[in-house]
Amino acid sequence: MSDHRTVLLRRGEVHSPADPFATAMLVERGHIAWVGSEGAADSFVAGADEVVDLDGALVTPAFTDAHVHTTATGLALTGLDLSGARSLTEALELVRAHAAARSEERILLGHGWDAERWPERRAPTREELDEAAGGRPLYLPRIDVHSAVVTTALLDLVPQVASLAGYRAEGPLTDAAHHAVRAAAHGAVSGRQRAEAQRAALRRAASLGIGTVHECAGPDISDEEDFTGLLAIAGEAAGPRVLGYWGEWVGDAKGAGKVWELGAVGAAGDLFVDGSLGSHTAALCAPYADAPHGGTAHLGADEVAAHVAACTEAGLQAGFHAIGDAALRTVVDGVRAAAEKLGIARIRAARHRVEHAEMLTPGAVEAFAELGLTASVQPAFDALWGGDDGMYARRLGVERARTLNPYAALLRAGVPLALGSDAPVTPLDPWGTVRAAAFHRNPEHRISVRAAFTAHTRGGWRAAGRDDAGTLVPGAPADYALWRTEELVVQAPDDRVARWSTDPRSGTPGLPDLTPGRPLPVCLETVVGGRTVFVGPNE
């Protein structure tokens, strides 16, 4: 949907490669028609349906969040969110308060606990949860959503759960046992609750300058009704665009056809090759530093190769969730086998993608570049769990942890990057995401603010196969956001680059100063396809 009006924006700062000194922009029929100087803008005033005085505001392309779980994000926004709990005791108090406030709900849902940040350093026990929830069914996934703690009443709704992989009499459930209790819990969410959660998540995205989200759904984490319902809501209402990925293994044309019929743009997203580091389920080549095993593998190289080949032949984008070094090696081996079968040119042209891609070796980085794989990454993971004293270091040891999320190496190798949040694992927070990439906890992995910003705008569109969007140039979709911010600067890991780039002769457009501790820009308005989808208070 687009607005057919002609709108002239002027007296601001327009972030555009077409003109690094632009202060004005013209929008016609939902697309950018012109960017340029204030003096040249005068000639467009008479033909404009609306003239917007930016009053110095910054105009940028709207962000694209390349990895979101929309319904779960909405449920976290409207329900029990434990991400701010500072201890196990506080988390249990929040559960008690939530149960008391939601006495009419048959099953209680929560999200976001992280025992690594609690002084107790342990998950709540089933007995503790039974007491806090008053004996009612309760589903509480860990912050990474790859394991969960539950009450006895919820287990009673899944009679065969004790026979499934990942079941433990005490401690978080993983793998098939986790999927089974999650299905039971989410099955209690009504269609109305689901739609309300989806709308809440999209409203939140719009309020943060996000114009497009990549929904990463699939049979192991949601269901077809949830997926198609979200696409319908996004198609009917003024809000962010939703590009849907369905993470189900495809082995032939029939399987690919099902993905097309669902309205997905790819059989990608959370098609799991492994799990997560926090839940000890990411697949590693060597055991964890704090557990006597190397995680869990869900797919082998032959299955990866078959999926990639079937998708490529069907004209469908393929992709996988892979975090550990063993899982990423499986992906590389599988995609390379598909390239040997179909030809590397066809594989590269399909722009297959890998979600998270955290534990990349130098050889894997080279393979990503060779095979044309996009790395869909979440810099907030490093901000939250990185560093020599963070969760990653406890799971892997300091030396292995320091290799995670090598964004600079990926860019140097020519690997396309798309940034996202994995919300609700980490919050929707685009400028915070750019900051996390630019100020990675390991200085070797840092990239410039400009490179991170590009990966969070144009990079998301490129990851979905489009090169004509995510930037403010004539002909591009009019997806943009207005921001209140402080002075614009150029920030790069090498300050020699920054000094030259701030010289007017460089022609490098500036961006907000994202130095940690500085205030982040405030979104004033978000526009998608020429239609306003968010206006901030007092604007």
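Me: Which residues do ring pairs link into a cluster?
Reply: Phe 63, Trp 431, Phe 453 and Trp 483 are linked that way. Keep in mind that this is a predicted model.

Me: How are the rings of Trp 431 and Phe 453 arranged, then?
Reply: Their centres are 5.6 Å apart and the planes sit at 20 degrees, so that pair is stacked. Planes under 30 degrees apart count as stacked.

Me: And which helices do those two sit in?
Reply: Trp 431 is in helix α18, residues 430-438, while Phe 453 is in helix α19, residues 449-456. The pair therefore ties together parts that are 22 residues apart in sequence.

Me: Trp 431 and Phe 453, buried or exposed?
Reply: Trp 431 is buried, and Phe 453 is buried too.

Me: How many aromatic pairs does the count come to?
Reply: The count is 10 aromatic pairs. One of them is Trp 113 with Trp 118, a tilted pair at 6.3 Å centre to centre with 35 degrees between the planes.

Me: Why does Trp 113 count as buried?
Reply: Because its relative accessibility is 3%, and the cut-off for buried is under 20%. Trp 118 is buried as well, with a relative accessible area of 2%.

Me: Switching to the backbone. Where's the cis peptide bond?
Reply: It joins Ala 423 and Pro 424, with omega at about 15 degrees. Pro 424 is in the loop between β18 (417-419) and α18.

Me: What about phi of His 356?
Reply: Phi there is near 80 degrees, a positive value in a residue other than glycine. His 356 belongs to strand β16, residues 353-356, and counts as buried at 2% relative accessibility.

Me: And Ala 357, what's its phi?
Reply: Also positive, about 45 degrees, although Ala 357 is not a glycine. Ala 357 falls in the loop between β16 and α13 (362-371), and at 2% relative accessibility Ala 357 counts as buried.

Me: OK, zoom out. How many helices and strands in the chain?
Reply: There are 21 helices and 23 strands.

Me: How far apart are the mean positions of the positive and negative charges?
Reply: They are 1 Å apart, for 49 positive and 69 negative charges.

How values were computed: Residues numbered from 1 in each chain as written. Predicted model: local features only at pLDDT ≥ 70, side-chain atom pairs only at ≥ 80, totals over all residues. Heavy atoms only, no water. Helix = DSSP H or I, 4+ residues; strand = E, 2+ residues; numbered from the N terminus. Lys, Arg positive; Asp, Glu negative; His and termini not counted. Charge placed at Lys NZ, Arg CZ, Asp CG, Glu CD. Phe/Tyr/Trp six-rings, centres within 6.5 Å; stacked < 30°, edge-to-face > 60°. Buried < 20%, exposed > 50% of the residue type's maximum accessible area, 1.4 Å probe, protein only.
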